Amino acid sequence: MRIAITPVLSALMLSAGALALGGCAAERELPPEQPAFYLSMAHGGAKLDAPVAASMISGYRQNNGLGAVEIDPVLMQVAQAQSQAMASRNKLDHNVTGTLGQRIKTAGYDAKIAVENVSAGYHTLAEAFSGWRDSPPHRANMLHNGVTKMGIAASYAPNTKYKVFWTLILAAPDTREPLAAADR
């Protein structure tokens, strides 16, 4: 059995082929989505992907025989306040608005353990993480035994020396029962 190729069938086949090729070309023209840890925080409206940061830090901890960390909303707020305070003052400093202990207690977080990494000038999460990993005191904080929670933030300040200010807080909540008045 033979199929006769008529002008109409020929036009339909050409159209279908052009559509198929056009679809492939359109797919190739779209830029690949950039991983969240490579997104630049050095512009207004940049939003740090905290779950990606938690996954990155947890993976690093697990590769070093430690437990994962999960995002804590209070620690996220404390980290954001610290990054914003450093950015608004154009100053890289752990104690720009008080010690870590004071800041987390004021926020209502009761910590058994709390450590903090701050940095500035890194534009991406990958850069900040690499800087912390390659610095012995910051690495020690990321690998602190017993921490289970984290908060992280990046604040952009275009008219500053560093442009982006980072804060990472790792902690473990104090789960002890408060002493009753008679036990104190």
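Two strands are taken to pair if DSSP finds at least two bridges between them, and helices (H or I, at least four residues) and strands (E, at least two) are themselves DSSP runs, numbered from the N terminus. On that basis, the structure holds an open sheet of four strands in the order E1-E3-E4-E2, with mixed pairing. Strands E1 and E2 (111-120) stand at the edges with a single partner strand each, so one side of each is left without a neighbour in the sheet.

This is a predicted model, in which local features need pLDDT of at least 70 and side-chain atom pairs count only at pLDDT 80 or more, while totals for chains, interfaces and linings use all residues. Residues are numbered from 1 along each chain as its sequence is written, and side-chain values use heavy atoms, with hydrogens and water left out.

The protein has six helices and four strands, and from the N terminus on its elements run α-α-β-α-α-β-α-α-β-β. Of its 184 residues, 35% are buried, where buried means under 20% relative accessible area, exposed means over 50%, and partly exposed lies in between (1.4 Å probe, protein chains only). If contact is taken as heavy atoms within 4.5 Å, then among contacts between residues at least 6 apart in sequence, 70% join residues at least 24 apart.

Nine of the ten residues of E4 are buried, so E4 is largely enclosed by the rest of the structure. The loop between E3 and E4 contains asparagine 159, which counts as exposed because its relative accessibility is 79%. Asparagine 159 and alanine 87 lie 72 residues apart in sequence and 9.4 Å apart in space, C-alpha to C-alpha.

Axes here are lines fitted to C-alpha atoms, for helices over the stretch in contact, and angles run from 0 to 180 degrees between N-to-C directions. Helix H3 lies across E1, E2, E3 and E4, running at about 30° to E3, whereas helix H5 lies across E2, E3 and E4 at about 60° to E4.

Helix H2 (residues 50-63) has 14 residues, which at 1.5 Å a residue should span 20 Å, and its end C-alpha atoms are 20 Å apart, in agreement with that value; the expected span is 1.5 Å times one less than the number of residues. After H2 comes glycine 65, whose phi is positive, near 75°.

The axes of H2 and H5 come within 11 Å and cross at roughly 30°. The contact is made by Val52, Ala53, Met56, Ile57 and Tyr60 of H2 and by Leu125, Phe129 and Arg133 of H5. H2 and H5 are therefore roughly parallel to each other, given that angles under 35 degrees count as roughly parallel, over 145 as roughly antiparallel, 65 to 115 as roughly perpendicular and the rest as oblique.
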